[in-house]
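Hello,

Here is the structure I promised to pass on. Have a look at it first, and my notes on its aromatic rings follow below.

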Amino acid sequence: MPKLSPEDQERATNSDYIMELLESEATLRLFRIFESGATDNPLDEILTLVNLVHPDVNEDLIITFHQDIQDIFSGYFPGFRENGNKYHNLRHTFGVVLASARLFHGLTLSGYHFSSDVVLKGMLSAYFHDTGLLLRSFDTAENGAEYTKYHEVRSISSLFKYLETYDVDDTIRLDCGSIIRCTNLEMDIDSIEFSSEEVKLAGQILGTADILAQMADRYYLEQLPNLFQEHRAGGLQAYGSALDLMKDTTNFYHNFIVKRLNTVLGNTAGVMQSHFKHRWGIDKDPYVENIATNITYLQNIVEKCQDNLEDIYSYLRRRPPYRS
């Protein structure tokens, strides 16, 4: 154990300092749990949760999906080119898959019973939900973000192509297609055809997980300029600049996202606290807390810096870990 300096020795005898140290360690533990679970590899936690939801889910297939999606984003999988998007990247995909597994688990704790097939379909859909933003071998665009407007349809197409290597029936394709459509923020879920209420709930899980994983991310604010660049590449005209997007994010969250989570997506997010309490003994919802922190901080710096984007950037010092 390293020796403490005289100043640190004096501080160590102070109960306030000890409490501060314990709180910082608890915060670090919560951050690690939120990011990936008990280990640095989110796959470990994903497999644990899937088994808790239904022990008959084919874990070997989950592992295969996890490994294949890494190769797909890296450009090593036949038919796909390396991802060039900084916002919708592999890290985001893993975050959505993990959040989906947590919601499945939370709903199970609340009394819902999922078949092993629907759990597998939900997880497969989570892994592939943004593959439409990746360039395929036949694409002529310079960047996959150019397909932003209809990337959900392309994601479904990519999944169908991927499933050609497996002997699966049409219900898997059709159900996964319906589930992925739930990530489209402009889509009215009631207009989507589901084979069952259970599949619809899986779609609400993925739609919820996609929102939570983005907005609760530690690097969400730093990533907003990258989101704007993807929107611009995709021809979306809602915002004229990254500053406009950042200034409207608070309003977008309170007036649109919260309503969508609570109504269209069935308040599925409400079970996240049950998951963390049962799995980790933490009686709180880190997703809700992280989103509140992100939104409040963004609102404060936008008001303080007004229209000076460079000043806003000076308050956003975190550097997201690179993962294509």
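This is a predicted model: local features need pLDDT of at least 70, side-chain atom pairs count only at pLDDT 80 or more; totals for chains, interfaces and linings use all residues.

R154 lies over the face of Y147, 3.7 Å from the centre of the ring.

Now to the ring pairs: the structure holds eleven aromatic pairs. One of them joins F77 and Y162, with 5.7 Å from centre to centre and 45 degrees between the planes, and it is tilted. What does this pair tie together? F77 lies in the loop between helix 4 (59–74) and helix 5 (90–109), while Y162 is in helix 7 (residues 151–163), so the contact links parts that are 85 residues apart in sequence. F77 has 19% relative accessibility and therefore counts as buried, the cut-off being under 20%. Y162 is buried too, with a relative accessible area of 3%.

The pair of F252 and F256 is stacked, because the ring centres are 5.5 Å apart and the planes are at 20 degrees, where under 30 degrees counts as stacked. Both residues lie in helix 11 (residues 242–264), four residues apart, which is about one turn of the helix.

Enjoy exploring it, and write back with any questions.

Best wishes

Key:
Residues are numbered from 1 along each chain as its sequence is written. Side-chain values use heavy atoms; hydrogens and water are left out. Rings of Phe, Tyr and Trp (its six-membered ring) pair if their centres lie within 6.5 Å; planes under 30 degrees apart count as stacked, over 60 as edge-to-face and the rest as tilted. Helices (H or I, at least four residues) and strands (E, at least two) are DSSP runs, numbered from the N terminus. Buried means under 20% relative accessible area, exposed over 50%, partly exposed in between (1.4 Å probe, protein chains only). A charge sits over a ring if NZ of Lys or CZ of Arg is within 6 Å of the ring centre and within 35 degrees of the ring normal.
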